[in-house]
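Here are a few exercises to work through with the model open in your viewer. Try each one yourself before reading the solution.

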Amino acid sequence: MGYLQNGLPIVAGTAAGVAFVIQQAVNARLRSDLGSPWWAGFISYAGGTLVMALAIVVLRERWTLADPALRAPWWAWTGGFFGAIYIAVSIVLVPRLGTATVVALIVAGQMLSSVAFDNFGVFGVPRVPIDLSRVAGAALLVAGVILIRR
């Protein structure tokens with residue numbers, strides 16, 4: 001039972017990382033075929049929207065765009081905006097820098113910002129104070145970006 005509690009999140013997180021790299025490669029190919037990073041990003045988001053809609057139906061989620069969703073702070077509605085930035089930058093950079101370099105840069109940016117978000121509790125995430133091991137881990141990721149670039 002301990003493995004399911006501890007191992008499953010590790011497998012799921014790793015699978016999400018694999019899906020992330022697949023997404024980068026697929027979106028870069030779509031950009032090449034369409035000749036437009038913007039249409040490729042739009043199609044990527046449309047596909048993701050369809051998958052989420054299907055999940056809502058299959059999992060029988062109740063409609064929540066009423067009162068609880070409207071009480072959310074304004075910034076809680078900006079996830080798609082930031083996702084679009086990430087998708088567009090990825091689609092533009094993968095053909096120029098390669099998947100490994102782009103993913104390394106994204107992971108480094110994610111790690112540096114997540115350490116700061118944790119430390120200050122940004123957007124309501126649980127506060128986890130910065131310490132030497134977190135600084136060392138972030139520094140190693142930045143070093144990895146330097147080593148993996150073309």
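**Exercise 1.** Find the helix that holds S44, and decide whether S44 is buried or exposed.

*Solution.* Step one: S44 sits in helix 2, residues 37-58, where a helix is a DSSP run of H or I with at least four residues, numbered from the N terminus. Step two: the relative accessible area of S44 is 17%, so S44 is buried (buried is under 20%, exposed over 50%, partly exposed in between, with a 1.4 Å probe and protein chains only). Step three: leaving out residues up to four places away in sequence, S44 touches Q23, N27 and I87, a contact being heavy atoms within 4.5 Å.

Before going on, a word on the ground rules: this is a predicted model, where local features need pLDDT of at least 70 and side-chain atom pairs count only at pLDDT 80 or more, while totals for chains, interfaces and linings use all residues. Residues are numbered from 1 along each chain as its sequence is written, and side-chain values use heavy atoms, with hydrogens and water left out.

**Exercise 2.** Take N27, and work out what joins its side chain to that of S44.

*Solution.* Start with the location: N27 belongs to helix 1, residues 2-34. With a relative accessible area of 6%, N27 is buried. Next, the side chains of N27 and S44 are joined by a polar contact of 3.4 Å (a pair of N or O atoms within 3.5 Å; within protein, one must be able to donate a hydrogen and the other to accept it, and residues adjacent in sequence count only if both atoms are side-chain atoms). Finally, skipping residues up to four places away in sequence, N27 touches A40, S44, I87 and I91.

**Exercise 3.** Describe how helix 2 packs on helix 4.

*Solution.* Two packed helices are described by the angle between their axes and the distance between the axes. Here helix 2 and helix 4 pack at about 130°, with axes 9 Å apart (axes are lines fitted to C-alpha atoms, for helices over the stretch in contact, and angles run from 0 to 180 degrees between N-to-C directions). That makes helix 2 oblique to helix 4, given that under 35 degrees is roughly parallel, over 145 roughly antiparallel, 65 to 115 roughly perpendicular and the rest oblique. Now list who meets whom: P37, W38, A40, G41, S44 and Y45 in helix 2 meet G80, G83, A84, I87, A88, I91 and V92 in helix 4. These contact residues divide into nine nonpolar, four polar and no charged (Ala, Val, Leu, Ile, Met, Phe, Trp, Tyr, Cys and Pro are nonpolar, Asp, Glu, Lys and Arg charged, and the others, Gly among them, polar).

**Exercise 4.** Which backbone oxygens does the side chain of S113 reach?

*Solution.* S113 is in helix 5 and, at 33% relative accessibility, counts as partly exposed. Its side chain reaches the backbone oxygen of G109 at 2.8 Å. A polar atom of the S113 side chain also lies 3.2 Å from the backbone oxygen of Q110.

Technical notes:
Helices (H or I, at least four residues) and strands (E, at least two) are DSSP runs, numbered from the N terminus.
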